[in-house]
Amino acid sequence: MKLKKMIETCMLAVCVLPFVATAELSKAEWQAKVGDCANNPAAMKSVIAQVPTADQADFVAKVNAAIAKKPGSSEAKAADFYAANKAAVSGATDKSAVLAEVYATVPVEYLTDINERFATELFSRKANPEKPVNDKQFVELSTNALAVVNKRCESAENAGVRQTFAALMFVRASEGSPEGLVNTYVSQMTDPQAKESAAGWISEATGAGGTEASYDNMLAAANAGDEPDHAIVLQMSSDPSALMESLLADLQAPGAGSASGSAAGMGGGAFTTMGVSGSPVSVDGFPDTRLDRVPRGAIGSSSAVGGNSEGTNEGKENPYYSRRRGSGAEPFVPEPIDYVK
C-alpha cells in the first residue's frame with residue numbers, strides 16, 4: 001500500500017508541475033520585466049504568457065513606452081517595436097485585447113511596418129492551408145477584433161489614423177476577398193476623422209488603381225515622425241527560422257490563444273527540452289546573435305544524448321559532432337550558427 005501511495009503521489013506531482021512552474025507573475029514581478037523585454041524583444045513571448053490576462057495589455061503598453069525612450073535610429077526602433085509586439089500578440093491569452101494595445105500605443109510611424117508584417121505573418125488567411133478561413137469567417141473574426149481595437153484607440157492620440165492602420169492590416173490579410181471589406185471596416189470605426197478619411201488612406205496605402213503606395217497622408221494627419229526604411233527594418237528584424245503563424249481563429253475569444261496542454265504550449269515552451277545535445281539555443285525562435293556570446297567547444301560525441309517527450313536520442317546521430325572539420329575523409333560540417341554561454 002505504501003508503494004502504491006508513493007507512486008500515486010509522484011504521478012500527481014508530475015501532472016501539476018507545469019502548472020506550478022508557470023504560475024502567474026505578480027504585478028511587481030512583471031513590472032520588473034518591462035525593461036528586459038524592451039531591451040530584448042525576443043523574451044516577450046515567454047514573459048507575457050506568465051502575466052495575468054487582465055494585465056497583459058498594460059504590460060505591452062509599458063514595454064512600448066520603454067522602447068520609445070530607447071536611443072537609436074528610426075529603423076532600429078521599428079525593428080524593436082515589430083519584434084516585441086509580434087511576440088506579445090503571439091504569446092498573449094486575449095489576443096484581441098493585446099492587438100488593440102499594439103495599435104493604441106506603438107508610435108504611428110512604426111505602424112507602417114507592423115500592419116504590413118502582421119497581415120502576412122500573423123493573420124494571413126493562407127497561414128494554415130489545412131484549416132482555410134472562408135469569407136464569412138474572416139469577416140466575423142476581423143470585425144470582432146476591430147471592434148476591440150477601435151474601442152481602445154478612442155482614448156489614444158490620433159485615434160482615426162490608428163483605427164485605419166488596424167483596418168488596413170485586415171484588408172491586406174484578406175487577400176482581396178470578400179469585396180467591400182474597406183466599407184465594412186470604415187462603417188464600424190468610431191472616430192469621425194477615420195470615417196471621413198479612412199477609405200482614401202487605405203486606397204493610397206495599398207496603391208489601389210495602379211498608383212504608388214504611400215502612407216504620406218496618414219502620417220501627415222497624425223503629425224507623425226519619419227517613416228522608417230522598411231527594407232532596412234526587414235533586414236534588421238528578419239528571422240530565417242520564423243514560421244508564419246495562424247492567429248485568426250485565436251481572435252475569437254480570450255483563452256483561445258496558442259497555449260495548449262502539451263509541454264510545448266505551456267510557459268512559452270519552457271517545458272520543451274532540446275532534442276539533441278549541442279543544438280543551437282534561441283529565445284522564442286529569435287537566434288542569439290549577441291556580440292558577447294561565447295563560442296561552444298568542439299563536440300566530441302558522434303552519438304546524440306538526452307531526449308524529449310518523444311523519447312531518448314539513444315542511437316541517433318549527433319548532427320553537431322565535430323568530426324575532422326574540413327578534412328577530405330569526411331564531409332565538412334559547419335559550426336552551429338548560435339552559441340550560448
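Visitor: Why is Leu-122 called buried?

Guide: The relative accessible area of Leu-122 is 0%. Buried means under 20% relative accessible area, exposed means over 50%, and partly exposed lies in between, with a 1.4 Å probe and protein chains only. Leu-122 is therefore buried. Please note that this is a predicted model, in which local features need pLDDT of at least 70 and side-chain atom pairs count only at pLDDT 80 or more, while totals for chains, interfaces and linings use all residues. Residues are numbered from 1 along each chain as its sequence is written, and side-chain values use heavy atoms, with hydrogens and water left out.

Visitor: Where does Leu-122 lie?

Guide: Leu-122 lies in the loop between helix H8 (111-121) and helix H9 (135-153). Helices (H or I, at least four residues) and strands (E, at least two) are DSSP runs, numbered from the N terminus. In space, Leu-122 is 8.8 Å from Val-89, C-alpha to C-alpha, and the two are 33 residues apart in sequence.

Visitor: What makes the contact between Arg-117 and Asp-113 a salt bridge?

Guide: A salt bridge is a side-chain nitrogen of Lys or Arg within 4 Å of a carboxyl oxygen of Asp or Glu. For Arg-117 and Asp-113 the N to O distance is 3.8 Å, and their side chains meet in a salt bridge. Side chains of opposite charge can pair when their charged atoms come close. Being four residues apart in helix H8, Arg-117 and Asp-113 are separated by about one helical turn.

Visitor: Are Arg-117, Asp-113 and Glu-121 buried or exposed?

Guide: Arg-117 has a relative accessible area of 8% and is therefore buried. Asp-113, at 3%, counts as buried. Glu-121 is buried as well, with a value of 18%.

Visitor: How do you know that Arg-125 forms a salt bridge with Asp-135?

Guide: The closest N and O atoms of Arg-125 and Asp-135 are 2.8 Å apart, and the pair forms a salt bridge. Arg-125 lies in the loop between H8 and H9 and Asp-135 in helix H9, so the pair ties together parts that are 10 residues apart in sequence. Arg-125 counts as buried because its relative accessibility is 14%, whereas Asp-135, at 30%, counts as partly exposed.

Visitor: How many disulfides does a search of the whole structure find?

Guide: The search finds zero disulfides, a disulfide being a pair of cysteine sulfur atoms within 2.5 Å. Cys-37 counts as buried at 0% relative accessibility, and Cys-153 counts as buried at 0%.

Visitor: Why is Glu-212 called exposed?

Guide: Glu-212 has 75% relative accessibility and therefore counts as exposed. Glu-212 lies in the loop between helix H12 (192-206) and helix H13 (216-221).

Visitor: Which residues gather with Glu-212 in a patch of negative charge on the surface?

Guide: Glu-212 gathers there with Asp-216, Glu-227 and Asp-229. Patches are made of residues with over 30% relative accessible area and no salt bridge, with like charges joined within 9 Å.

Visitor: What is said of phi at Asn-158 and Asn-223?

Guide: Asn-158 has a positive phi of about 60° although it is not a glycine. The place of Asn-158 is in the loop between H9 and H10, and at 23% relative accessibility Asn-158 counts as partly exposed. Asn-223 has a positive phi of about 50°, and is not a glycine either. Asn-223 lies in the loop between H13 and helix H14 (230-237), and at 71% relative accessibility Asn-223 counts as exposed.

Visitor: Which residues does a cis peptide bond join?

Guide: The cis peptide bond joins Ser-177 and Pro-178, with omega about 0°. Pro-178 is placed in the loop between helix H10 (159-173) and helix H11 (181-187).

Terms used
Patch = residues over 30% accessible without salt bridge, like charges linked within 9 Å, V, L, I, M, F, W, Y side chains within 5 Å. Areas by Shrake-Rupley, 256 points an atom, 1.4 Å probe, with all protein chains shown as cover. Lys, Arg positive; Asp, Glu negative; His and termini not counted. Charge placed at Lys NZ, Arg CZ, Asp CG, Glu CD.
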